[in-house]
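The sequence and structure come next.

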Amino acid sequence: MGRRRGARGPVNVMFGWVRRQSVRVKVFLGAVAAILALVTLKKLVRNYNHFFIAAEAVHAAGILVLIYKLTTKKTCSGLSLKSQELTATFLAVRLYCSFVIEMDIHTVLDFATLVPTLWVIYMIRFRLKSSYIKELDSMPRYYLVVPCAVLAILVHPWLHEFQFNRICWAFCVYLESVSVLPQLRLMQNAKMVEPFTAHYVFALGVSRFLGCAYWIIQVTFFNFQFVAIQFNIDVHKTQPTTLKYVMEVV
């Protein structure tokens with residue numbers, strides 16, 4: 001027999017309760033959920049590079065959703081051109097940094113994500129220009145690019161590379177974290193969200209969370225290794241690349 005009409009499962013009851021809460025309560029619950037997810041991932045995943053790879057894979061999946069929408073629906077309404085341009089900017093800068101610093105799987109992933117992003121920009125700017133609502137895409141790009149550039153000059157990682165490369169690396173990290181804001185602003189102005197756009201923004205959110213988890217765990221791991229070496233603490237199961245990096249910093 002099927003479920004009775006109107007019957008609600010525990011998951012639906014929980015989501016209904018969350019929707020009835022105030023904005024502050026929702027933010028608090030989201031922060032708690034993010035921290036619990038971060039701790040769980042740290043315990044379950046041994047190779048932290050998998051976070052970065054997963055973030056790139058989810059981002060690529062979101063881009064595929066956009067490609068499907070642009071090719072089948074023949075419209076770019078609900079999409080922010082500025083978000084796509086900011087995404088292409090930080091991907092291009094990160095591709096350069098990855099090429100001159102690491103030259104590994106991250107380089108391939110960045111290139112594989114940059115190419116379809118450029119295609120999406122081309123479609124919005126030229127092929128589907130008539131359906132692009134410029135008035136709703138109202139957040140100026142320099143509001144995000146300039147602060148990220150200034151912050152990158154002031155705060156950038158210490159690597160055995162030229163200072164320009166270190167600044168570029170910090171710039172792409174900062175710009176990545178805010179590149180979705182024009183898309184969110186457009187959705188706020190439009191007062192509605194199309195399904196494909198919602199799927200894309202959800203994929204971006206998951207990608208940003210995994211990327212943030214990668215950097216948070218890496219930073220805490222580096223700090224632990226640094227303290228351990230300073231106090232001659234025997235650390236087991238240490239990643240060789242991480243230990244080499246810490247030794248160079250020390």
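A cavity is a set of points on a 1 Å grid over the protein atoms alone where a 1.4 Å probe fits but cannot get out. Grid points are joined across faces, edges and corners, and a volume is the space filled by probe spheres set on the points. The model is predicted: local features need pLDDT of at least 70, side-chain atom pairs count only at pLDDT 80 or more, and totals for chains, interfaces and linings use all residues. Residues are numbered from 1 along each chain as its sequence is written, and side-chain values use heavy atoms, with hydrogens and water left out.

The search of the whole structure gives one cavity of 30 Å³ or more. The volume of the largest cavity is about 30 Å³. Its lining (residues with an atom within 4 Å of a point) consists of Cys76, Ser77, Gly78, Leu79, Ser131, Tyr132, Ile133, Leu136 and Leu186. Six of these lining residues are nonpolar, three are polar and none is charged; in this scheme Cys and Tyr count as nonpolar and Gly as polar.

The protein has ten helices and zero strands, where helices are DSSP runs of H or I with at least four residues and strands are runs of E with at least two. Of its 250 residues, 37% are buried, that is, under 20% relative accessible area with a 1.4 Å probe, protein chains only. The accessible surface (Shrake-Rupley method, 1.4 Å probe) is about 15,500 Å², and carbon and sulfur atoms hold 68% of it. Among contacts (heavy atoms within 4.5 Å) with a separation of 6 or more, 70% join residues 24 or more positions apart.

Leaving aside neighbours within four places in sequence, glutamate 56 is in contact with Arg94, Leu109, Asp110 and Thr113.

Note on methods:
Buried means under 20% relative accessible area, exposed over 50%, partly exposed in between (1.4 Å probe, protein chains only). On a 1 Å grid over the protein atoms alone, a cavity is a set of points where a 1.4 Å probe fits but cannot get out, and a pocket is an open set with protein on both sides within 12 Å along at least five of seven lines; lining residues have an atom within 4 Å of a point.
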